[in-house]
Amino acid sequence: MIAITTPTGTVGAAVAESLHAANAKLRLIARDPSRLPATLREHAEVVAGSHADPVVLEAALAGADALFVLVPPNFTAPDVTEHYLAFARPIADAVRAHGVSRLVAVSSLGRGFAGPAGLLSAAWAMDEVLESSGAAYRSLQPPFFMENLLRQLPMIRERGMFVLAAEPDAPLAAVATADIARTAAGLLADPTWTSQADVPVRAPVDHTPREMARIMSEVLGKPIAFQPATLADYRAQYLSLGASPAIADAMVEMAEAQAAGVYPPASGGDDGGTTFEEWCRSVLAPAAAGTSG
């Protein structure tokens with residue numbers, strides 16, 4: 001039995017669908033089971049509720065062999081690290097209590113960075129708590145999600161530009177969320193691994209924002225420009241969208257850590273990860289044309 005958290009989110013849904021296609025026995029933890037696809041509701045066990053709730057975890061992990069963990073975002077959280085640990089602590093307790101043998105969680109690339117890193121630091125704090133459960137553990141470590149650019153689709157379509165709090169010519173490590181889901185599903189389906197380890201998940205090549213703009217222009221067939229945002233503007237944007245001051249500060253701190261080199265450079269080798277150009281062709285272009293589904 002494999003337990004899956006956030007099965008209605010982008011990554012969690014892809015993990016669940018992949019394992020369902022492989023005929024794995026699944027138990028899905030969902031706040032709103034009605035949002036699950038009919039195929040999953042019919043062929044998987046469903047536990048309604050939050051995976052921060054010990055009562056929900058008691059039901060979800062009884063007899064489970066493996067667990068996939070992703071902490072859902074909460075842009076009104078008053079304390080970023082505590083938001084992550086509010087999920088990690090009861091999960092670690094339940095994993096110990098039920099003897100769950102394997103645990104896979106989505107964390108962040110750059111673990112071991114010496115300085116503050118906002119949301120990344122919170123994810124690494126989660127790692128430590130989940131490792132304390134004693135289960136075999138794989139910390140999936142992605143950098144910047146390429147899918148974050150989809151939030152700027154109106155600007156890309158109408159103004160031919162995108163904005164990031166980054167230097168135009170500084171390489172930015174990135175990842176397609178499909179690669180996170182693929183890696184997670186592969187680990188969850190494999191009962192043979194043991195111990196605890198970090199697993200970087202990333203595109204094989206890092207591009208600067210200026211290079212990303214060039215690739216987007218070529219794929220979309222129209223000029224796309226990159227516009228750097230100041231950290232003050234970046235913080236103000238999150239506050240204007242309803243984020244708590246703690247979240248806005250954490251986003252700025254993460255951007256500062258990225259500028260300071262929190263992500264190690266890509267090897268440039270062919271590790272099977274989706275390139276930014278491939279992502280633009282398969283995800284961004286259909287979304288920009290209104291044909292994604």
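Before I turn to the helices, a crossing is called left-handed if the near helix is turned anticlockwise from the far one by less than a right angle, and right-handed if clockwise. What you see above is a predicted model, in which local features need pLDDT of at least 70 and side-chain atom pairs count only at pLDDT 80 or more, while totals for chains, interfaces and linings use all residues. Residues are numbered from 1 along each chain as its sequence is written, and side-chain values use heavy atoms, with hydrogens and water left out.

The chain has 11 helices and 11 strands, which are DSSP runs numbered from the N terminus (helices H or I, at least four residues; strands E, at least two). The C-alpha atoms fill a box of roughly 55 × 40 × 40 Å along the principal axes.

The crossing of H3 and H4 is right-handed: the axes of H3 (residues 54-61) and H4 (residues 80-98) come within 10 Å and cross at roughly 35°, where axes are lines fitted to C-alpha atoms, for helices over the stretch in contact, and angles run from 0 to 180 degrees between N-to-C directions. In H3, Pro54, Leu57, Glu58 and Leu61 meet Pro90, Ile91, Ala94, Val95 and His98 of H4, contact meaning heavy atoms within 4.5 Å. This contact has seven nonpolar, one polar and one charged residues, with Ala, Val, Leu, Ile, Met, Phe, Trp, Tyr, Cys and Pro counted as nonpolar, Asp, Glu, Lys and Arg as charged, and the others, Gly among them, as polar.
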